[in-house]
Amino acid sequence: MSENPLQLLFKTYEKVSNSIQSQLAHFISVPKPPSSHNDDHSFSLGLSSSSSNNLPPSKSPTSQHSELPKQEKNAGPVTKEDLGRATWTFLHTLGAQYPDKPTRQQKRDVKELMAILSRMYPCKECADHFKEVLRANPVQAGSQAEFSQWLCYMHNVVNRSLNKPIFPCDRVDARWGKLDCEQRACDLQGTDKFWP
Ligand SMILES: Cc1cc2nc3c(=O)[nH]c(=O)nc-3n(C[C@H](O)[C@H](O)[C@H](O)COP(=O)(O)OP(=O)(O)OC[C@H]3O[C@@H](n4cnc5c(N)ncnc54)[C@H](O)[C@@H]3O)c2cc1C
């Protein structure tokens with residue numbers, strides 16, 4: 001029996017709607033809401049029917065998740081330890097890349113960075129502790145060697161408070177070294193060895 005033109009129009013509209021949802025879900029990797037939850041506020045433009053499970057099995061949210069790179073699959077809330085390791089990596093790498101003869105601005109910048117870190121570090125107890133340690137040990141950033149040794153010392157103060165092993169600061173260059181960039185292109189401006 002031939003369909004009523006209005007039914008045909010709704011069916012076509014539903015197909016288009018489902019196709020858009022499927023494309024969007026693919027792009028932003030969010031699970032499509034189940035059809036039973038469809039209402040005017042849902043993602044479905046309010047035109048779903050009970051048979052509208054338009055995602056073939058291979059495109060289900062679970063299998064999309066398994067297509068993510070390993071790192072992203074394991075992504076979840078960041079722990080205090082993850083944050084600490086990432087921040088120390090940043091700081092010691094900054095220390096390794098810091099110029100041998102920093103400009104006045106560069107010296108001001110690292111002091112300001114440490115002060116900001118002690119206020120804004122997103123772990124309150126760590127920030128408060130670091131603020132105290134910083135007050136007792138003002139930034140020393142007259143040269144690359146001085147700054148990287150100062151960072152090593154600061155890290156050891158934190159290590160000690162957490163009952164972690166003390167790192168031998170004469171090994172800091174071996175541990176962190178310069179960034180692996182061709183022709184030292186990652187060096188901060190002002191490094192006398194690279195910039196004239
Ligand atoms: C500013 C700051 C304040 C923090 N305060 C706190 C706090 O109050 N409480 C808390 O629970 N956590 C704090 N943390 C986190 C803590 O320091 C560690 O990062 C976290 O516990 C993970 O420790 P980890 O053993 O994996 O190695 P991390 O201490 O993160 O060290 C990473 C790597 O750095 C190297 N390393 C270790 N010591 C030194 C050093 N002295 N110099 C150079 N390299 C070194 C080692 O190879 C080590 O594997 C703080 C982190 C930062 C950045």
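**Helices around a ligand**

Biologist: Which helix gives the most to the shell around the ligand?

Modeller: Helix 4 gives the most to that shell, contributing seven residues. Please keep in mind throughout that this is a predicted model.

Biologist: How many residues surround the ligand, and which are the closest?

Modeller: The ligand is surrounded by 22 residues, and the closest of these are Gly-84, Thr-87, Cys-126, His-155 and Phe-167. Two or more residues come from each of helix 4 (80-97), helix 6 (124-136), helix 7 (144-161) and helix 8 (172-176).

Biologist: And how do the shell residues divide into nonpolar, polar and charged?

Modeller: Nine of the residues in the shell around the ligand are nonpolar, seven are polar and six are charged.

Biologist: Let me step back a bit. How many helices and strands are there in the chain?

Modeller: The chain has eight helices and zero strands, so that its pattern, read along the sequence, is simply α-α-α-α-α-α-α-α. Of the 196 residues in the chain, 13% are buried.

Biologist: What share of the contacts comes from residues 24 or more positions apart?

Modeller: If you take the contacts in the chain with a separation of 6 or more, residues 24 or more positions apart account for 56% of them.

Biologist: Back to helix 4, then. At what angle do helix 4 and helix 7 pack?

Modeller: Helix 4 and helix 7 pack at about 155°, and their axes are 8 Å apart. Because angles over 145 degrees count as roughly antiparallel, helix 4 is described as roughly antiparallel to helix 7. The crossing of these two helices is left-handed.

Biologist: Which residues make that contact?

Modeller: On the side of helix 4 they are Trp-88, Leu-91, His-92, Gly-95 and Ala-96, while helix 7 brings Phe-147, Ser-148, Leu-151 and His-155. Sorted by class, the contact of helix 4 with helix 7 has five nonpolar residues, four polar ones and no charged ones.

Biologist: What about helix 5 and helix 6, how do their axes cross?

Modeller: The axes of helix 5 and helix 6 cross at roughly 145° and come within 7 Å. In this contact Met-114, Leu-117, Ser-118 and Arg-119 of helix 5 meet Ala-127, Phe-130, Lys-131 and Leu-134 of helix 6, and the residues divide into five nonpolar, one polar and two charged.

Biologist: Now the loops. Where is Lys-101, and is it buried or exposed?

Modeller: Lys-101 is in the loop between helix 4 and helix 5 (104-120), and it counts as exposed because it has 12 C-beta neighbours inside 10 Å. Its C-alpha atom is separated by 7.3 Å from that of Gly-142, although the two residues are 41 residues apart along the chain.

Biologist: And Gln-140, what is it in contact with?

Modeller: If its neighbours within four places in sequence are left aside, Gln-140 is in contact with Glu-146, Phe-147 and Trp-150. Gln-140 lies in the loop between helix 6 and helix 7, and with 16 other C-beta atoms within 10 Å it is partly exposed.

Biologist: One last thing, what is the phi of Asn-163?

Modeller: Asn-163 has a positive phi of about 60°, even though it is not a glycine. Most residues other than glycine have a negative phi. Asn-163 sits in the loop between helix 7 and helix 8, where it is exposed, with 6 other C-beta atoms within 10 Å.

Conventions. Residues are numbered from 1 along each chain as its sequence is written. This is a predicted model: local features need pLDDT of at least 70, side-chain atom pairs count only at pLDDT 80 or more; totals for chains, interfaces and linings use all residues. Helices (H or I, at least four residues) and strands (E, at least two) are DSSP runs, numbered from the N terminus. A residue is buried if 20 or more other C-beta atoms lie within 10 Å of its own, exposed if 12 or fewer, and partly exposed in between; C-beta atoms are placed from the backbone. Two residues are in contact if their C-beta atoms, placed from the backbone, lie within 7 Å. A residue is near a molecule or strand if its C-beta atom, placed from the backbone, lies within 6 Å of it. Ala, Val, Leu, Ile, Met, Phe, Trp, Tyr, Cys and Pro count as nonpolar, Asp, Glu, Lys and Arg as charged, and the others, Gly among them, as polar. Axes are lines fitted to C-alpha atoms, for helices over the stretch in contact, and angles run from 0 to 180 degrees between N-to-C directions. Angles under 35 degrees count as roughly parallel, over 145 as roughly antiparallel, 65 to 115 as roughly perpendicular and the rest as oblique. A crossing is left-handed if the near helix is turned anticlockwise from the far one by less than a right angle, and right-handed if clockwise.
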